[in-house]
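Trainee: Please take me through a close look at one part of this model, starting from a loop and working along the chain segments around it.

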Amino acid sequence: MTRTLLTLAEVEALARKAHAAQTDKAGRPYAEHLQAVAEGVRERGGDDEQIAAAWLHDAVEDDALSQEWLSEAALTNRTKAIVLALTKRDGEPPESYAKRIRTTPGALLVKASDLAHNADPARLALLDEHTRARLTKKYASMRALLGLAP
């Protein structure tokens, strides 16, 4: 029996609901970040599988959805692989995380969009100076590990 895959609209609705109670570091609804990452993936020429992964890229890491949910979800294996590649693991060195992203087809474009939104100067300007400096350094380091331009 073939299962019908979730549409992008359904994935968006699921992600919005899963992260509904969550805010970003500036106190903004977390869904704004997810939408920006998904739009960034689309603008960078990403396909529907990558856009779906963008909506879900933090869901497992943030415990908004379980890994079991993801494994059973009506999504392509590629979308699931991208989400898992972008899910940081406790105690994992940044180098290992970056390698997993680089070696998972389609994941680098999603992470590039995520980093671009996270490092957006307008978004960072809402944070205190210490947090802004710490995150700017963190994002630049990850971009270097991924081989992305500064």
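Mentor: With a relative accessible area of 28%, D62 is partly exposed (buried is under 20%, exposed over 50%, partly exposed in between, using a 1.4 Å probe and protein chains only). This is a predicted model, where local features need pLDDT of at least 70, side-chain atom pairs count only at pLDDT 80 or more, and totals for chains, interfaces and linings use all residues. Residues are numbered from 1 along each chain as its sequence is written, and side-chain values use heavy atoms, without hydrogens or water.

D62 sits in the loop that joins α3 to α4 (helices are DSSP runs of H or I, at least four residues, numbered from the N terminus). Once residues up to four places away in sequence are set aside, D62 touches H19, Q22 and Y30 (contact means heavy atoms within 4.5 Å). G46 is another story: 16 residues separate it from D62 in sequence, and the two C-alpha atoms are 24 Å apart.

Now step over to A18, which belongs to helix α1. A18 has 25% relative accessibility and therefore counts as partly exposed. Beyond its neighbours within four places in sequence, A18 is in contact with A64 and L65. L56 lies 38 residues from A18 along the chain, yet their C-alpha atoms are separated by 9.3 Å.

That brings us to how helix α1, residues 8-18, packs with α3: the angle is about 10 degrees and the axes are 9 Å apart (lines fitted to C-alpha atoms over the stretch in contact, with angles from 0 to 180 degrees between N-to-C directions). The two helices are therefore roughly parallel to each other (under 35 degrees). On the α1 side, the residues that meet α3 are L8, V11, E12, A15 and R16. Their partners in α3 are D48, I51, A52, W55 and L56. By class, this contact holds 7 nonpolar residues, 3 charged and no polar ones (Ala, Val, Leu, Ile, Met, Phe, Trp, Tyr, Cys and Pro are nonpolar, Asp, Glu, Lys and Arg charged, the others polar).

The residues of α5 (77-86) that are buried are T79, K80, I82, V83, A85 and L86.

Notes:
Angles under 35 degrees count as roughly parallel, over 145 as roughly antiparallel, 65 to 115 as roughly perpendicular and the rest as oblique.
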